[in-house]
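My entries follow in the order I made them.

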Amino acid sequence: MGGLTAGYAGPKEVQYMFIDGEQLRRTADEVGMSWFGESIEIDYRALQGACQKVFYYDCLPAKQQGADEAAYKAKVDAKTAFFNELRGLPGWHVSQGLAKHRKKARQEQKEVDILIAVDMLTHTHRRNMHRLTFVSGDQDFAPLLEAVVRDGMYVELLYPEGHTAQDLMHFADVAKPMHVDFLFGISTASFRRTRGLPTRMGDVNESVANADVIGEVIRDGQLFAKVWRERAPSGFITIKLVEPDRGSNNYMSVRDIDEARAKRYFTDWMARDFGLSVDALEWTPCP
């Protein structure tokens, strides 16, 4: 009998994912255009992670009055093919809602919220999962999250950074922004091969080897970080904090070939991890 139970690690935790497809697509487009000039190409298996089941909600494009029939059919065929690709992934299920074109607003209204609510509440009530991940930033889902959390479900929210109301985030047990680091981390290998982000790292050295200080970062009147440029032939920019991190005892830094991009990435990092606003940092060039 003992041999039969050897290695048993207990019951496996079940996690489902529910994706607002339009929200994910808009976020990949917006963040991608901002950093790379094009939408980020998502690796959907990487997004799935350890979730046993994924429920993806979207709809086919609505036809506008007077639209070219061939062009509309091409859009529908492309979207249908995409849905079928997702359905071919292990554990993935696609639900299609309705789409209506508003003449005045000239936009599509996608009615997938009821499908999401029914599925999420059903799986929660039946205790088919121990926790769920929800990809959305729609404020209308706040009552839904409140309901499933109160029913004992552990909820992780993945939301678009800067476009989500606080109460939606507060109803979730944990809320994580879909910032550029997250989206780049779940992008396809082919997308990452031809694009890159600044490198965030830490080391024990206060200075940068073979480099000169070309600027300083001031916070509240105090020196906060230095901007270094490596000498030829590399020319890389490194922005390094002047005090070591208390947890790791390393000098945290950002490194990139492009100075403007390195500064932007450093500012985003400080805002996200340390709560510093853009105005809190003053960039001062050094002669």
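Entry 1: I began with the contacts of Gln 48, leaving aside neighbours within four places in sequence: Met 17, Val 54, Pro 90 and Trp 92. Contact here means heavy atoms within 4.5 Å. I noted that this is a predicted model, where local features need pLDDT of at least 70, side-chain atom pairs count only at pLDDT 80 or more, and totals for chains, interfaces and linings use all residues. Residues are numbered from 1 along each chain as its sequence is written, and side-chain values use heavy atoms, with hydrogens and water left out.

I placed Gln 48 in helix 3, residues 44-48. Helices are DSSP runs of H or I with at least four residues, strands are runs of E with at least two, and both are numbered from the N terminus. Is Gln 48 buried or exposed? It is buried, at 6% relative accessibility. The cut-offs are under 20% relative accessible area for buried and over 50% for exposed, with partly exposed in between (1.4 Å probe, protein chains only). I also found a polar atom of the Gln 48 side chain 2.9 Å from the backbone oxygen of Cys 51.

**Entry 2: a threonine in helix 10.** I moved to Thr 267, which sits in helix 10, residues 259-274. Thr 267 is buried, with a relative accessible area of 12%. Beyond four places in sequence, it contacts Val 278, Leu 281 and Trp 283. A polar atom of its side chain lies 2.8 Å from the backbone oxygen of Lys 263. I then checked Thr 284: it is 17 residues from Thr 267 in sequence, and the C-alpha atoms are 14 Å apart.

**Entry 3: cysteines.** I searched for disulfides, meaning pairs of cysteine sulfur atoms within 2.5 Å. How many disulfides are there by this rule? The count is zero. Cys 59 is buried at 0% relative accessible area, while Cys 286 is partly exposed at 24%.

**Entry 4: the whole chain.** I counted ten helices and 14 strands in the protein chain. Its C-alpha atoms fill a box of roughly 70 × 60 × 35 Å along the principal axes. Of the 287 residues, 37% are buried. Among contacts with a separation of 6 or more, 57% join residues 24 or more positions apart.

Methods:
A polar contact is a pair of N or O atoms within 3.5 Å; within protein, one must be able to donate a hydrogen and the other to accept it, and residues adjacent in sequence count only if both atoms are side-chain atoms.
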